Every structure is written in C-alpha cells, then in structure tokens.
Amino acid sequence: MRSFKTEGIVIRRRNIGEADRLLTIFTKESGKIRIKAPGVRRITSRRSPHIELLNLSALTLYSSSRSNIPLLTEAQTIRDFDFIKKDLKRIGFAFYICELVDKLCPPDQENRRIFYLLRETLEKLEFISEKEALVNEFEEKALSYLGFMPHEYQLSDRQAFIEKILEKKMRTSELLPLFAD
C-alpha cells in the first residue's frame, strides 16, 4: 500500500457504477495510466472539476496490493485549457490528439517526449489559427517519437498509415473535416 503524486493530462474518461469514473491519464513519469476516481460524479465532489478532459492536473493516487488500478485521493488543476473548451473546432482537434495518444501509446511506459509534445500542442492549440497544420505536426512528431516512422519522413496519407498501425479506424478522424477552416 502506498500513495504517490504525479502530474498528468486527462485524455479519456468513462463513467462506472453510480458515482465513479475511470480515467486515462498521460503522465510524465509513467506514460499512459488508468486510474479510478471514486465518488467524483456526486454533486458534492471537490475533485470532479480537477479531472475534466484535457486538464493538466497534479494528482495524488493510492495504490494497493489488492488492486492494479490506483485510486484518486486528491486532485488539483494546474492548467485547464479553458480557451480550447470554449471553441468547438479546437475541442474537436484536441479530442483527436487525445485519441491518438491513447491508441498509439502503450500503458505504463514512461515517455516524457510524448507528454511534453502533448502539453505543448494543447498550449499552442489555445491560440494558434493554423489548427490543421498543428495537428499534422503533432502526428508526425508522435509517430517519430514512438518509433513508427523515421524523423522528417513524409507520408502521402498519414491518416491511413495511422489506422494501419492501429488496425482499426479512429473515431474522431471522421470528424476532423468538419472542423477545418
């Protein structure tokens, strides 16, 4: 039994039971991890606003020997990327980026380059007008950092290449043309 602190970006969430939530967090130290947030869907929960999608948060987790999924005990928002959440086009691109990280990165493997790339991309997405170019740059760098393609290698159809790696279609990729400027 132990408690530990980490910093991570919420890239996915799923409701379980009546008041709990299962979160996928991309952390600096452990890469992609899944955690259980008990009771956060209750109205009185003080942790709930700190673990919204896209939030960069400082998390305190409790890991027991009986369960392989850590429990969330405390959460504090570091950055909420509020400007993204107020713009439908930006949020569409952000969800695509989060799905890409979730699908391409294996669980429990540290990858600081991807963490910093994800954080930097979300920071730029808040203010940049060339959103499609930013997402293309993110795809290229992520594929390179994860070893799927040599750095500076140009693909004619990156989307098909990604889906070939995943062996299935990405859900948000069909929505990207709707968000194009």
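A pocket is an open set of grid points with protein on both sides within 12 Å along at least five of seven lines. With that idea in hand, here are some close-up views of this predicted model.

**View 1. The largest pocket and its lining.**
About 310 Å³ of space lies in the largest pocket of this model. Its lining is made of Ile11, Arg12, Arg13, Leu53, Phe95, Cys98, Glu99, Asp102, Lys103, Arg171 and Thr172. Which element gives the most to this lining? Helix 2 does, with five residues. Strand 1, residues 2–16, and helix 2 each supply at least two of the lining residues.

**View 2**
A disulfide is a covalent bond between the sulfur atoms of two cysteines. How many disulfides are counted here? The count comes to zero. For Cys98, the closest cysteine sulfur belongs to Cys105 and is 11 Å away, so the two are too far apart for a bond. Cys105 is likewise in no disulfide, with the sulfur of Cys98 as its nearest cysteine sulfur. Cys98 counts as buried because its relative accessible area is 2%, and Cys105 is buried too, at 6% relative accessibility.

**View 3**
Helix 4 covers residues 131–145, which makes 15 residues. An α-helix has 3.6 residues a turn, so residues three or four places apart point the same way. Keep that spacing in mind while finding the buried residues of helix 4, which are Lys131, Leu134, Val135, Phe138, Glu139, Ala142, Leu143 and Ser144. These buried residues pack against helix 2 (88–104), helix 3 (112–125) and helix 5 (158–166). After helix 4 comes Gly147, with a positive phi near 85°.

Zoom in on Leu143, which has its place in helix 4. Is Leu143 buried or exposed? Leu143 counts as buried, because its relative accessibility is 0%. Not counting residues up to four places away in sequence, Leu143 touches Leu104, Phe148, Met149, Leu155, Arg158, Phe161, Ile162 and Ile165. The C-alpha atom of Leu143 is separated by 9.9 Å from that of Leu100, a residue 43 places away along the chain.

Arg158, one of the residues touched by Leu143, is found in helix 5. Arg158 has 13% relative accessibility and therefore counts as buried. Apart from neighbours within four places in sequence, Arg158 is in contact with Asn136, Glu139, Glu140 and Leu143.

Where does Glu126 lie? Glu126 is in the loop between helix 3 and helix 4. At 5% relative accessibility, Glu126 is counted as buried. Its side chain makes a polar contact of 2.4 Å with the side chain of Arg79. A polar atom of the Glu126 side chain also lies 3.5 Å from the backbone nitrogen of Phe83. Once neighbours within four places in sequence are set aside, the contacts of Glu126 are Arg79, Phe81, Asp82, Phe83, Ile84 and Arg90.

Most residues other than glycine have a negative phi. Phe81, which Glu126 contacts, has a positive phi near 50°. Phe81 lies in the loop between strand 5 and helix 1 (82–85) and counts as buried at 1% relative accessibility. Leu54 is not a glycine either, yet its phi is positive, at about 75°. Leu54 belongs to the loop between strand 3 (31–37) and strand 4 (56–63), and its relative accessible area of 1% makes it buried.

**View 2. Thr73 in strand 5.**
Our last stop is Thr73, found in strand 5, residues 71–79. At 38% relative accessibility, Thr73 counts as partly exposed. Leaving out neighbours within four places in sequence, Thr73 is in contact with Arg47, Thr60, Leu61 and Tyr62. How far is the C-alpha atom of Thr73 from that of Leu166? The separation is 33 Å, for residues 93 places apart along the chain.

Methods. Residues numbered from 1 in each chain as written. Predicted model: local features only at pLDDT ≥ 70, side-chain atom pairs only at ≥ 80, totals over all residues. Heavy atoms only, no water. Helix = DSSP H or I, 4+ residues; strand = E, 2+ residues; numbered from the N terminus. Expected span 1.5 Å × (residues − 1). Buried < 20%, exposed > 50% of the residue type's maximum accessible area, 1.4 Å probe, protein only. Contact = heavy atoms within 4.5 Å. Disulfide = S-S within 2.5 Å. 1 Å grid on protein atoms, 1.4 Å probe; cavity = no way out; pocket = protein on both sides within 12 Å on 5 of 7 lines; lining within 4 Å. Points joined across faces, edges and corners; volume = space filled by probe spheres on them. Polar contact = N/O pair within 3.5 Å; in protein donor to acceptor, adjacent residues only side chain to side chain.
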